Amino acid sequence: MADPSRIKQFSVEGLRSLLLDWGEPAFRANQLLHWLYAAAVDSYQEMSDLPLSLRLRLEKEAPLIAPQVLDKKLSADGSLKYLLGLWDGSLIETVAIPSRSRLTVCFSTQVGCALGCAFCTTGLGGLVRSLDPGEMVDQLLVVSKDLGRRVDNAVAMGEGEPFANYEASLSALRIMNNPTLLGIGARHLTVSTCGLVRQIERFAQEPEQFTLAVSLHSAVQSTRDLLMPSLCNQPLGRLRDSLLLYAEKTGRRPSLEVTLMDSVNDTPEEVSALLAFSRGLLCHVNLIPFNKGHLPDAGLGFRPSPPARFNEISAILQRAGVACSIRRSRGSDIQGACGQLKGALHG
Ligand code: SF4
(Lines give C-alpha, C1' and ligand atoms only; values in the text may rest on other atoms or scores of the structure.)
Protein backbone atom coordinates (compact mmCIF):
# COMPACT_ATOMS: atom_id res chain seq x y z
CA MET A 1 0.00 0.00 0.00
CA ALA A 2 1.15 3.54 -0.73
CA ASP A 3 2.55 5.63 2.11
CA PRO A 4 -0.48 7.54 3.46
CA SER A 5 1.06 10.98 3.24
CA ARG A 6 -1.65 12.67 1.13
CA ILE A 7 -5.25 11.57 0.90
CA LYS A 8 -5.53 12.42 -2.81
CA GLN A 9 -2.94 9.82 -3.77
CA PHE A 10 -5.40 6.99 -3.17
CA SER A 11 -7.66 5.18 -5.57
CA VAL A 12 -11.11 4.21 -4.26
CA GLU A 13 -9.78 0.75 -3.39
CA GLY A 14 -6.61 2.18 -1.81
CA LEU A 15 -8.64 4.46 0.40
CA ARG A 16 -10.91 1.59 1.46
CA SER A 17 -7.94 -0.54 2.44
CA LEU A 18 -6.28 2.37 4.29
CA LEU A 19 -9.33 2.84 6.50
CA LEU A 20 -9.73 -0.90 7.06
CA ASP A 21 -6.05 -1.02 8.10
CA TRP A 22 -6.83 1.73 10.57
CA GLY A 23 -9.60 -0.43 12.07
CA GLU A 24 -12.46 1.65 10.71
CA PRO A 25 -15.75 0.00 9.67
CA ALA A 26 -16.19 -0.54 5.91
CA PHE A 27 -18.82 2.20 5.50
CA ARG A 28 -16.35 4.92 6.59
CA ALA A 29 -14.66 4.85 3.20
CA ASN A 30 -17.92 5.75 1.49
CA GLN A 31 -18.43 8.64 3.89
CA LEU A 32 -14.91 9.91 3.30
CA LEU A 33 -15.17 9.50 -0.48
CA HIS A 34 -18.42 11.44 -0.45
CA TRP A 35 -16.84 14.36 1.38
CA LEU A 36 -13.73 14.35 -0.81
CA TYR A 37 -15.35 14.05 -4.23
CA ALA A 38 -19.11 14.63 -4.06
CA ALA A 39 -19.34 17.36 -1.42
CA ALA A 40 -15.76 18.37 -2.38
CA VAL A 41 -14.96 20.09 0.91
CA ASP A 42 -11.52 21.55 1.50
CA SER A 43 -10.92 20.38 5.08
CA TYR A 44 -11.54 17.40 7.32
CA GLN A 45 -13.24 19.69 9.84
CA GLU A 46 -16.23 19.94 7.51
CA MET A 47 -16.72 16.16 7.43
CA SER A 48 -19.32 16.25 10.14
CA ASP A 49 -20.30 12.58 10.20
CA LEU A 50 -16.73 11.32 10.67
CA PRO A 51 -15.63 10.79 14.29
CA LEU A 52 -13.38 13.55 15.59
CA SER A 53 -10.62 11.03 16.32
CA LEU A 54 -10.59 9.90 12.69
CA ARG A 55 -10.62 13.46 11.38
CA LEU A 56 -7.62 14.28 13.58
CA ARG A 57 -5.76 11.18 12.44
CA LEU A 58 -6.46 11.93 8.79
CA GLU A 59 -5.30 15.51 9.29
CA LYS A 60 -2.03 14.28 10.74
CA GLU A 61 -1.30 11.23 8.58
CA ALA A 62 -3.02 11.94 5.26
CA PRO A 63 -3.44 15.69 4.90
CA LEU A 64 -6.06 17.12 2.58
CA ILE A 65 -4.42 19.92 0.62
CA ALA A 66 -6.58 21.59 -1.99
CA PRO A 67 -4.97 23.01 -5.15
CA GLN A 68 -4.73 26.78 -5.32
CA VAL A 69 -5.92 28.75 -8.35
CA LEU A 70 -2.90 30.96 -9.10
CA ASP A 71 -4.15 32.40 -12.34
CA LYS A 72 -7.17 32.21 -14.61
CA LYS A 73 -7.59 33.49 -18.13
CA LEU A 74 -10.84 33.86 -20.04
CA SER A 75 -10.79 33.48 -23.80
CA ALA A 76 -12.94 35.55 -26.13
CA ASP A 77 -14.66 32.29 -27.09
CA GLY A 78 -15.62 31.57 -23.46
CA SER A 79 -13.06 28.89 -22.64
CA LEU A 80 -11.02 29.34 -19.48
CA LYS A 81 -7.55 28.32 -18.53
CA TYR A 82 -6.54 27.76 -14.91
CA LEU A 83 -3.05 27.64 -13.47
CA LEU A 84 -3.11 25.53 -10.32
CA GLY A 85 -0.48 25.28 -7.58
CA LEU A 86 -0.19 21.87 -5.88
CA TRP A 87 0.95 20.88 -2.37
CA ASP A 88 4.62 20.57 -3.41
CA GLY A 89 4.77 23.81 -5.39
CA SER A 90 4.24 22.05 -8.74
CA LEU A 91 2.15 23.93 -11.28
CA ILE A 92 -0.39 22.39 -13.62
CA GLU A 93 -2.85 23.70 -16.15
CA THR A 94 -6.52 22.89 -16.66
CA VAL A 95 -8.82 24.13 -19.39
CA ALA A 96 -12.59 24.52 -19.09
CA ILE A 97 -14.72 24.64 -22.22
CA PRO A 98 -18.26 25.64 -21.29
CA SER A 99 -21.15 25.66 -23.71
CA ARG A 100 -24.83 26.17 -23.09
CA SER A 101 -25.51 22.44 -22.88
CA ARG A 102 -22.35 21.06 -21.31
CA LEU A 103 -19.11 21.77 -19.52
CA THR A 104 -15.97 20.01 -20.69
CA VAL A 105 -12.73 19.99 -18.73
CA CYS A 106 -9.37 19.18 -20.21
CA PHE A 107 -7.21 17.96 -17.31
CA SER A 108 -3.51 17.28 -16.86
CA THR A 109 -2.18 13.88 -15.82
CA GLN A 110 1.46 14.81 -15.20
CA VAL A 111 3.51 17.86 -14.29
CA GLY A 112 5.43 18.38 -17.53
CA CYS A 113 5.94 15.48 -19.93
CA ALA A 114 8.78 13.15 -20.83
CA LEU A 115 7.81 12.64 -24.47
CA GLY A 116 9.14 15.87 -25.93
CA CYS A 117 6.96 16.19 -29.03
CA ALA A 118 8.52 18.72 -31.39
CA PHE A 119 5.48 21.04 -31.50
CA CYS A 120 4.66 21.06 -27.78
CA THR A 121 5.69 23.53 -25.10
CA THR A 122 5.07 21.10 -22.24
CA GLY A 123 7.54 18.58 -23.59
CA LEU A 124 10.33 21.18 -23.57
CA GLY A 125 10.72 21.16 -19.79
CA GLY A 126 10.66 17.36 -19.44
CA LEU A 127 8.74 15.44 -16.80
CA VAL A 128 8.63 16.81 -13.24
CA ARG A 129 6.33 14.17 -11.73
CA SER A 130 3.15 12.23 -12.34
CA LEU A 131 -0.09 13.34 -10.72
CA ASP A 132 -2.04 11.38 -8.12
CA PRO A 133 -5.61 10.30 -8.96
CA GLY A 134 -7.13 12.92 -6.64
CA GLU A 135 -4.98 15.66 -8.17
CA MET A 136 -6.58 14.89 -11.54
CA VAL A 137 -10.10 14.82 -10.09
CA ASP A 138 -9.40 18.06 -8.20
CA GLN A 139 -9.00 19.87 -11.51
CA LEU A 140 -12.63 19.09 -12.35
CA LEU A 141 -13.74 20.11 -8.86
CA VAL A 142 -11.93 23.45 -9.10
CA VAL A 143 -13.69 24.23 -12.40
CA SER A 144 -17.06 23.01 -11.15
CA LYS A 145 -16.87 25.22 -8.04
CA ASP A 146 -15.62 28.22 -9.98
CA LEU A 147 -18.34 28.04 -12.63
CA GLY A 148 -21.08 26.78 -10.31
CA ARG A 149 -22.10 23.87 -12.54
CA ARG A 150 -21.33 20.20 -12.91
CA VAL A 151 -18.72 18.87 -15.29
CA ASP A 152 -20.31 16.81 -18.08
CA ASN A 153 -17.22 15.73 -20.03
CA ALA A 154 -13.58 15.30 -19.08
CA VAL A 155 -10.62 14.70 -21.35
CA ALA A 156 -7.14 13.67 -20.23
CA MET A 157 -5.55 15.95 -22.80
CA GLY A 158 -3.72 18.55 -20.72
CA GLU A 159 -0.10 18.29 -19.68
CA GLY A 160 1.44 14.85 -19.73
CA GLU A 161 0.86 11.47 -21.34
CA PRO A 162 -1.96 9.76 -19.39
CA PHE A 163 -0.82 6.28 -20.40
CA ALA A 164 2.64 7.00 -18.97
CA ASN A 165 0.76 7.36 -15.64
CA TYR A 166 -1.67 4.55 -16.39
CA GLU A 167 -2.77 3.33 -12.95
CA ALA A 168 -3.37 6.79 -11.52
CA SER A 169 -5.17 7.98 -14.66
CA LEU A 170 -7.52 4.97 -14.57
CA SER A 171 -8.13 5.47 -10.84
CA ALA A 172 -9.03 9.11 -11.52
CA LEU A 173 -11.41 8.15 -14.35
CA ARG A 174 -13.11 5.68 -11.99
CA ILE A 175 -13.64 8.37 -9.35
CA MET A 176 -15.05 10.68 -12.05
CA ASN A 177 -17.28 7.88 -13.35
CA ASN A 178 -18.50 6.61 -9.94
CA PRO A 179 -22.24 7.43 -9.76
CA THR A 180 -21.98 8.34 -6.05
CA LEU A 181 -19.02 10.68 -6.65
CA LEU A 182 -18.78 12.80 -9.85
CA GLY A 183 -21.15 10.58 -11.83
CA ILE A 184 -19.78 11.39 -15.30
CA GLY A 185 -20.75 8.70 -17.83
CA ALA A 186 -17.84 6.57 -19.05
CA ARG A 187 -18.44 7.58 -22.66
CA HIS A 188 -17.97 11.19 -21.58
CA LEU A 189 -14.53 10.44 -20.16
CA THR A 190 -11.74 10.39 -22.75
CA VAL A 191 -8.09 9.46 -22.59
CA SER A 192 -5.95 11.15 -25.20
CA THR A 193 -2.69 9.31 -25.80
CA CYS A 194 0.20 9.89 -28.15
CA GLY A 195 -0.14 6.22 -29.03
CA LEU A 196 1.55 4.01 -26.43
CA VAL A 197 0.59 0.68 -27.95
CA ARG A 198 0.91 -1.66 -24.96
CA GLN A 199 -1.29 0.65 -22.91
CA ILE A 200 -3.86 0.92 -25.74
CA GLU A 201 -4.07 -2.87 -25.68
CA ARG A 202 -4.45 -2.83 -21.90
CA PHE A 203 -7.07 -0.08 -22.08
CA ALA A 204 -9.06 -2.29 -24.47
CA GLN A 205 -9.44 -4.83 -21.64
CA GLU A 206 -10.84 -2.36 -19.07
CA PRO A 207 -14.48 -3.02 -18.22
CA GLU A 208 -15.65 0.60 -18.45
CA GLN A 209 -16.62 2.19 -21.76
CA PHE A 210 -14.14 5.04 -21.55
CA THR A 211 -13.35 6.81 -24.81
CA LEU A 212 -9.97 6.79 -26.56
CA ALA A 213 -8.32 9.49 -28.66
CA VAL A 214 -4.94 8.96 -30.32
CA SER A 215 -2.69 11.80 -31.40
CA LEU A 216 -1.64 10.49 -34.78
CA HIS A 217 -0.50 13.73 -36.45
CA SER A 218 1.00 11.81 -39.36
CA ALA A 219 0.65 8.38 -40.94
CA VAL A 220 4.05 8.77 -42.65
CA GLN A 221 6.64 7.17 -40.38
CA SER A 222 9.43 9.70 -41.05
CA THR A 223 7.09 12.66 -40.39
CA ARG A 224 5.72 11.10 -37.22
CA ASP A 225 9.27 10.40 -36.04
CA LEU A 226 10.12 14.07 -36.58
CA LEU A 227 7.03 15.30 -34.73
CA MET A 228 7.02 12.69 -31.96
CA PRO A 229 10.58 11.42 -31.63
CA SER A 230 9.95 9.50 -28.40
CA LEU A 231 7.58 7.19 -30.24
CA CYS A 232 10.09 5.98 -32.86
CA ASN A 233 10.07 2.59 -31.13
CA GLN A 234 6.30 2.28 -31.60
CA PRO A 235 5.95 2.13 -35.39
CA LEU A 236 2.74 3.03 -37.17
CA GLY A 237 2.01 -0.58 -38.17
CA ARG A 238 2.12 -1.61 -34.53
CA LEU A 239 -0.09 1.34 -33.56
CA ARG A 240 -2.64 0.38 -36.18
CA ASP A 241 -2.64 -3.23 -34.93
CA SER A 242 -3.31 -2.03 -31.38
CA LEU A 243 -6.24 0.06 -32.65
CA LEU A 244 -7.64 -2.91 -34.53
CA LEU A 245 -7.46 -4.91 -31.33
CA TYR A 246 -9.07 -2.06 -29.38
CA ALA A 247 -11.97 -1.91 -31.85
CA GLU A 248 -12.37 -5.68 -31.84
CA LYS A 249 -12.43 -5.90 -28.03
CA THR A 250 -14.57 -2.85 -27.30
CA GLY A 251 -16.63 -2.20 -30.43
CA ARG A 252 -15.89 1.48 -29.79
CA ARG A 253 -14.51 3.98 -32.25
CA PRO A 254 -11.36 5.85 -31.20
CA SER A 255 -10.66 9.26 -32.68
CA LEU A 256 -7.42 9.94 -34.52
CA GLU A 257 -6.21 13.48 -33.88
CA VAL A 258 -4.28 15.18 -36.66
CA THR A 259 -3.04 18.72 -36.04
CA LEU A 260 -2.51 20.08 -39.53
CA MET A 261 0.73 21.94 -40.23
CA ASP A 262 1.43 23.60 -43.53
CA SER A 263 3.67 21.48 -45.84
CA VAL A 264 4.44 19.09 -42.98
CA ASN A 265 1.45 16.78 -42.71
CA ASP A 266 -1.05 18.28 -45.15
CA THR A 267 0.67 17.27 -48.43
CA PRO A 268 -0.87 14.82 -50.94
CA GLU A 269 1.56 12.10 -49.79
CA GLU A 270 0.49 12.66 -46.17
CA VAL A 271 -3.19 12.57 -47.06
CA SER A 272 -2.73 9.28 -48.98
CA ALA A 273 -0.95 7.76 -45.98
CA LEU A 274 -3.67 9.01 -43.60
CA LEU A 275 -6.30 7.49 -45.85
CA ALA A 276 -4.46 4.15 -45.97
CA PHE A 277 -4.05 4.16 -42.18
CA SER A 278 -7.64 5.00 -41.34
CA ARG A 279 -9.49 3.08 -44.05
CA GLY A 280 -10.82 -0.20 -42.70
CA LEU A 281 -10.20 0.92 -39.13
CA LEU A 282 -13.08 1.74 -36.81
CA CYS A 283 -12.10 5.37 -36.19
CA HIS A 284 -13.02 9.01 -36.54
CA VAL A 285 -10.41 11.45 -37.84
CA ASN A 286 -10.33 14.89 -36.22
CA LEU A 287 -8.48 17.59 -38.14
CA ILE A 288 -7.26 20.22 -35.67
CA PRO A 289 -5.92 23.70 -36.40
CA PHE A 290 -2.31 24.17 -35.31
CA ASN A 291 -2.04 26.78 -32.61
CA LYS A 292 1.01 28.78 -33.60
CA GLY A 293 1.56 29.66 -29.96
CA HIS A 294 2.58 26.03 -29.47
CA LEU A 295 5.96 26.68 -31.02
CA PRO A 296 8.98 26.31 -28.80
CA ASP A 297 11.38 29.26 -29.04
CA ALA A 298 13.76 27.24 -31.14
CA GLY A 299 10.82 25.82 -33.08
CA LEU A 300 11.04 23.92 -36.29
CA GLY A 301 9.10 26.57 -38.15
CA PHE A 302 5.71 24.88 -38.14
CA ARG A 303 2.87 26.93 -39.57
CA PRO A 304 -0.88 26.32 -39.52
CA SER A 305 -2.39 24.76 -42.64
CA PRO A 306 -4.53 27.12 -44.72
CA PRO A 307 -8.25 26.75 -43.89
CA ALA A 308 -9.06 25.52 -47.41
CA ARG A 309 -6.76 22.53 -46.88
CA PHE A 310 -8.93 21.34 -43.99
CA ASN A 311 -11.97 21.18 -46.22
CA GLU A 312 -10.05 19.45 -49.03
CA ILE A 313 -8.60 16.77 -46.74
CA SER A 314 -11.90 16.25 -44.96
CA ALA A 315 -13.68 15.80 -48.30
CA ILE A 316 -11.06 13.28 -49.52
CA LEU A 317 -11.39 11.19 -46.35
CA GLN A 318 -15.17 11.30 -46.33
CA ARG A 319 -15.40 10.35 -50.00
CA ALA A 320 -13.35 7.27 -49.13
CA GLY A 321 -15.77 6.39 -46.32
CA VAL A 322 -13.61 7.61 -43.42
CA ALA A 323 -15.52 9.58 -40.77
CA CYS A 324 -13.86 12.96 -40.39
CA SER A 325 -14.55 16.29 -38.76
CA ILE A 326 -12.78 19.61 -38.46
CA ARG A 327 -12.41 20.76 -34.90
CA ARG A 328 -12.64 24.37 -33.93
CA SER A 329 -9.61 25.56 -31.95
CA ARG A 330 -10.71 27.25 -28.75
CA GLY A 331 -8.72 29.33 -26.34
CA SER A 332 -5.85 30.27 -28.66
CA ASP A 333 -5.92 33.86 -27.30
CA ILE A 334 -5.34 32.58 -23.74
CA GLN A 335 -2.47 30.34 -24.71
CA GLY A 336 -4.85 27.41 -24.85
CA ALA A 337 -2.24 24.82 -25.70
CA CYS A 338 -0.77 22.68 -22.96
CA GLY A 339 2.00 24.24 -20.92
CA GLN A 340 1.70 27.74 -22.29
CA LEU A 341 0.06 29.59 -19.43
CA LYS A 342 2.75 28.20 -17.17
CA GLY A 343 5.38 29.25 -19.69
CA ALA A 344 3.93 32.75 -19.87
CA LEU A 345 4.09 33.19 -16.11
CA HIS A 346 7.30 31.41 -15.38
CA GLY A 347 9.15 31.03 -18.64
S1 SF4 B 1 2.02 16.65 -27.02
FE2 SF4 B 1 1.37 15.53 -25.15
S3 SF4 B 1 2.72 13.70 -25.12
FE4 SF4 B 1 3.68 15.18 -26.56
S5 SF4 B 1 5.15 16.34 -25.27
FE6 SF4 B 1 3.19 17.49 -25.28
S7 SF4 B 1 2.12 16.78 -23.43
FE8 SF4 B 1 3.72 15.27 -23.88
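## Salt bridges overall

A salt bridge here is a side-chain nitrogen of Lys or Arg within 4 Å of a carboxyl oxygen of Asp or Glu. With that in hand, one group to pick out is Asp-88, Arg-129 and Glu-135, which are tied together in a network of salt bridges.

Keep in mind that this is a predicted model.

## A buried pair

Start with Arg-28 and Glu-24, whose side chains form a salt bridge at 3.2 Å, N to O. How accessible are Arg-28 and Glu-24? Arg-28 has a relative accessible area of 13%, so it counts as buried. Glu-24 sits at 17%, and is buried too.

## A partly exposed pair

Arg-150 and Asp-152 also meet through their side chains, with 3.3 Å from N to O. Arg-150 is partly exposed at 44% relative accessibility, and Asp-152, at 23%, is likewise partly exposed.

## A link between distant parts of the chain

Then there's Arg-174 with Glu-208, a salt bridge at 2.7 Å, N to O. Where do the two partners sit? Arg-174 belongs to helix α6 (residues 166-177), while Glu-208 lies in the loop between α7 (197-203) and β9 (211-215). They are 34 residues apart, so this pair links distant parts of the chain.

The cut-off for buried is under 20% relative accessible area.

Key. Residues numbered from 1 in each chain as written. Predicted model: local features only at pLDDT ≥ 70, side-chain atom pairs only at ≥ 80, totals over all residues. Heavy atoms only, no water. Buried < 20%, exposed > 50% of the residue type's maximum accessible area, 1.4 Å probe, protein only. Helix = DSSP H or I, 4+ residues; strand = E, 2+ residues; numbered from the N terminus.
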